[in-house]
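Here is a report on one protein chain.

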Amino acid sequence: MTIATNAEPATPPAPRPRSAGQPTAADLLAAAVGAVPGGAARPGQQQMVHAIEQSVDSGEHLLVQAGTGTGKSLAYLTPALLVDGPVVVSTATLALQSQLVDHDLPRLADAIEPVLRRRPTFAVLKGRHHYLCLARLDNSAEEEPEDALFDAPGSGGTKWLGEAGRLGKQIQRLREWAMKTVTGDRDELDPGVEDQAWRQVSMPARECVGANRCPYGADCFAEASRARAREADIVVTNHSLLAVDMLAGRHIVPPHKLLVVDEAHELVDRVSSAAQAELTPDQIDRAARRARTLVPAEVGEALAEAGDALAVGLAEAPAGRITTGLPAALSGACTLLDAATRRALDAIGDIKSDDPDPVRKQQAKAVLDELSKTAQRLLEEADHDVAWVEKPDHGGRRALVVAPLSVAGTLATHLYDERTVVATSATLTLGGQFDTVAKSLGLPPGDGWQSLDVGSPFDYARQGILYVAARLPRPSASGLPEAAGDELLKLVGALGGRTLGLFSSRRAAQQAAELLRARTDLPILLQGEEALPLLVRRFREDRASCLFGVMSLWQGVDVPGDSCQLVVIDRLPFPRPDEPLAAARAAAVDAAGGSGFAAVSVPIAAVRLAQGVGRLIRSTGDKGVVAVLDSRLETARGYGQFLRRSLPPFWYTTRQDVALGALERLRGS
């Protein structure tokens with residue numbers, strides 16, 4: 001393994017042999033950036049292009065850390081277009097997927113068509129449930145009253161009629177849209193519909209009978225999207241579908257030689273989610289209703305009894321990780337469910353070619369089979385799984401959940417075989433090294449992969465200050481301590497707004513908002529009080545405003561310019577003790593003689609902190625201060641230094657007067 005950094009730029013490898021007149025990736029990059037007036041390829045882009053070409057030639061996998069502003073999308077798309085067959089690009093967020101498909105790829109195609117001598121093609125590949133299902137739509141009128149009755153919120157007759165009427169109108173609009181849409185993609189439906197309505201007309205993959213058995217198979221929107229993907233140069237998908245593809249034997253995404261994983265720091269969590277399963281009373285109730293016309297009455301009653309038993313068990317069990325075996329009530333519910341689902345599956349039998357309603361039969365079987373497998377998995381209580389009881393703080397759906405302790409083995413087995421993988425993100429090094437992230441992604445130590453840090457075009461030491469309030473007491477209780485609140489008031493007051501507050505808990509964010517509203521006249525925007533896109537837009541447009549929120553803001557906010565010149569982080573974002581997977585993984589390391597805190601909690605905090613700090617500098621003209629109100633970033637000798645090495649190289653200080661002075665100067669500029 002070799003590591004190239006900005007301090008010692010990598011020597012570009014020799015270009016690949018090519019036939020006369022064939023463009024190189026550098027040619028395509030030059031054409032792409034040259035299409036913008038005054039555009040020129042950045043050093044980081046050039047390094048990435050050369051490294052990806054070398055990786056494709058050698059077959060070695062590649063980790064590339066590319067800071068915000070590098071232009072990494074063009075850097076991986078241009079060499080991808082010279083690879084034989086489709087290249088798959090996987091993203092973590094819908095925002096990046098939309099940016100690639102709606103902006104980057106069309107502009108790239110326009111710019112390089114004269115150089116490539118053909119127009120490159122691209123396609124989006126999403127999960128089957130993102131597409132309208134004509135077979136399900138045909139049956140929606142039959143299912144609508146029943147599902148509306150059981151699933152609509154509220155219990156009063158008038159309210160139920162309102163909910164059911166709204167659902168019916170949305171489904172009718174979906175029927176009309178079905179006659180006009182070309183793709184059947186939910187994201188093209190404007191205005192959108194509620195999830196409850198969409199479920200009536202979409203088909204989860206596990207419930208699909210397949211195009212050959214479906215009466216609408218020839219017109220299937222999901223199958224059409226896969227056909228387009230097989231013919232495209234670039235296929236854009238998401239981490240969740242990529243994970244499902246790996247777990248299902250790699251038959252969803254078209255065969256390819258190169259996979260680019262953008263936002264790669266999110267991949268492990270998405271694979272963990274895809275490998276997760278859960279049981280809820282509502283699931284069992286819906287399965288029983290779907291199966292009731294296909295099984296004897298006593299079998300349907302057994303399913304209902306299992307659902308009731310699970311509801312009782314979840315009510316009795318405390319929320320959190322299960323460490324000493326399933327409680328008796330939950331174990332009994334799983335046993336009843338396993339037996340009932342097996343009886344139901346036997347009663348339904350196989351789907352035959354002359355079945356009058358294969359779609360409904362397949363749906364019932366798929367749901368029952370998934371419930372049976374989840375019940376068996378929970379009863380097995382395997383060491384490689386973690387189980388917990390989920391109970392939302394403010395009521396809502398309760399669930400019994402099981403997930404893998406680690407997905408590194410899954411990734412090692414399924415991610416890298418028969419393709420070259422390029423994983424890139426702004427946060428792939430922790431403590432200045434790639435090793436921790438590489439291990440989590442299933443890469444062996446120092447073998448078969450290379451790494452490259454192309455840095456960032458930003459001059460962090462000149463553009464920003466990292467201020468740690470080292471004199472504050474070590475945070476203890478949840479919420480916002482009084483001393484931290486006083487510090488927040490001084491910082492925000494010095495700048496006069498323009499503050500993004502990233503908090504470790506909803507309670508802390510609420511307390512901060514209440515404090516600033518009581519002690520200042522600044523507009524304070526609080527996540528949860530309005531839709532997040534609206535809050536971000538108001539924050540961007542009003543320079544005096546402050547936006548406070550929790551974890552989803554740590555990655556999802558992009559506000560360049562002087563609307564965001566202060567980012568405040570209340571405490572280091574270590575996983576909470578009640579985060580079941582993180583706690584279980586840390587406990588496993590402790591049991592093996594290591595430090596679970598160092599091996600699990602610190603790396604999680606490092607990635608989260610780097611993502612949060614990264615909200616400040618979004619363009620070469622940005623300036624500002626990151627203020628961390630957790631003294632441990634300075635005083636904790638071991639992990640404090642590790643965390644700081646995982647951050648961009650801001651000018652560092654622990655002096656309050658320096659931070660306040662910088663903010664006052666920004667206010668006057």
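## Glu-529

Glu-529 is partly exposed: its relative accessible area is 46%. The model is a predicted one.

Glu-529 sits in a loop. The loop runs between β15 (524–526) and α20 (532–541). Its side chain has a partner: a polar contact of 2.8 Å joins Glu-529 to the side chain of Arg-517. Val-299 is 230 residues from Glu-529 along the chain. The C-alpha atoms of Glu-529 and Val-299 are 46 Å apart.

Two arginines have a positive phi. For Arg-117, which is not a glycine, phi is about 65°. Arg-117 belongs to the loop between α4 and β4 (122–124). Arg-117 is exposed because its relative accessible area, 68%, is over 50%.

Arg-250 also has a positive phi, near 60°, and is likewise a residue other than glycine. The loop between α9 (239–247) and β6 (258–261) holds Arg-250. With 26% relative accessibility, Arg-250 is partly exposed.

Is Arg-136 buried or exposed? Its relative accessible area is 3%, which is under 20%, so Arg-136 is buried. Arg-136 is part of helix α5. A polar atom of its side chain lies 3.0 Å from the backbone oxygen of Ser-202.

## Helix α1 and its neighbours

Helix α1 covers residues 25–34. Its buried residues are Ala-25, Leu-28, Leu-29, Ala-31, Ala-32 and Val-33. What do they pack against? The partners are three helices: α2 (43–58), α3 (72–80) and α4 (94–116).

## Nonpolar cores

The largest nonpolar core has 71 residues. Which residues have the most contacts inside it? They are Leu-63, Leu-411, Leu-415, Leu-500 and Leu-643. Helix α23 (residues 596–613) gives the most to this core, supplying seven residues.

Leu-643 shows the contacts in detail. Leaving out residues up to four places away in sequence, Leu-643 touches Leu-572, Phe-574, Val-602, Ala-605, Ala-606, Leu-609 and Leu-633. Another core lies apart from the largest one. This other core has 37 residues, including Ala-66, Leu-100, Val-101 and Ala-111.

## Cavities

Rolling a probe the size of a water molecule over the atoms shows where empty space is left. How many cavities of 30 Å³ or more are there? The count is three. The largest cavity has a volume of about 180 Å³. Its lining has 19 residues. Those closest to its centre are Arg-128, Cys-133, Cys-208, Cys-214 and Cys-220.

Two helices, α5 (134–151) and α8 (221–231), each supply at least two residues of this lining. By class, the lining of the largest cavity has 15 nonpolar, two polar and two charged residues.

Technical notes:
Residues are numbered from 1 along each chain as its sequence is written. This is a predicted model: local features need pLDDT of at least 70, side-chain atom pairs count only at pLDDT 80 or more; totals for chains, interfaces and linings use all residues. Side-chain values use heavy atoms; hydrogens and water are left out. On a 1 Å grid over the protein atoms alone, a cavity is a set of points where a 1.4 Å probe fits but cannot get out, and a pocket is an open set with protein on both sides within 12 Å along at least five of seven lines; lining residues have an atom within 4 Å of a point. Grid points are joined across faces, edges and corners, and a volume is the space filled by probe spheres set on the points. Helices (H or I, at least four residues) and strands (E, at least two) are DSSP runs, numbered from the N terminus. Ala, Val, Leu, Ile, Met, Phe, Trp, Tyr, Cys and Pro count as nonpolar, Asp, Glu, Lys and Arg as charged, and the others, Gly among them, as polar. Buried means under 20% relative accessible area, exposed over 50%, partly exposed in between (1.4 Å probe, protein chains only). Contact means heavy atoms within 4.5 Å. A nonpolar core is a set of buried Ala, Val, Leu, Ile, Met, Phe, Trp, Tyr and Cys residues joined through side-chain atoms within 4.5 Å. A polar contact is a pair of N or O atoms within 3.5 Å; within protein, one must be able to donate a hydrogen and the other to accept it, and residues adjacent in sequence count only if both atoms are side-chain atoms.
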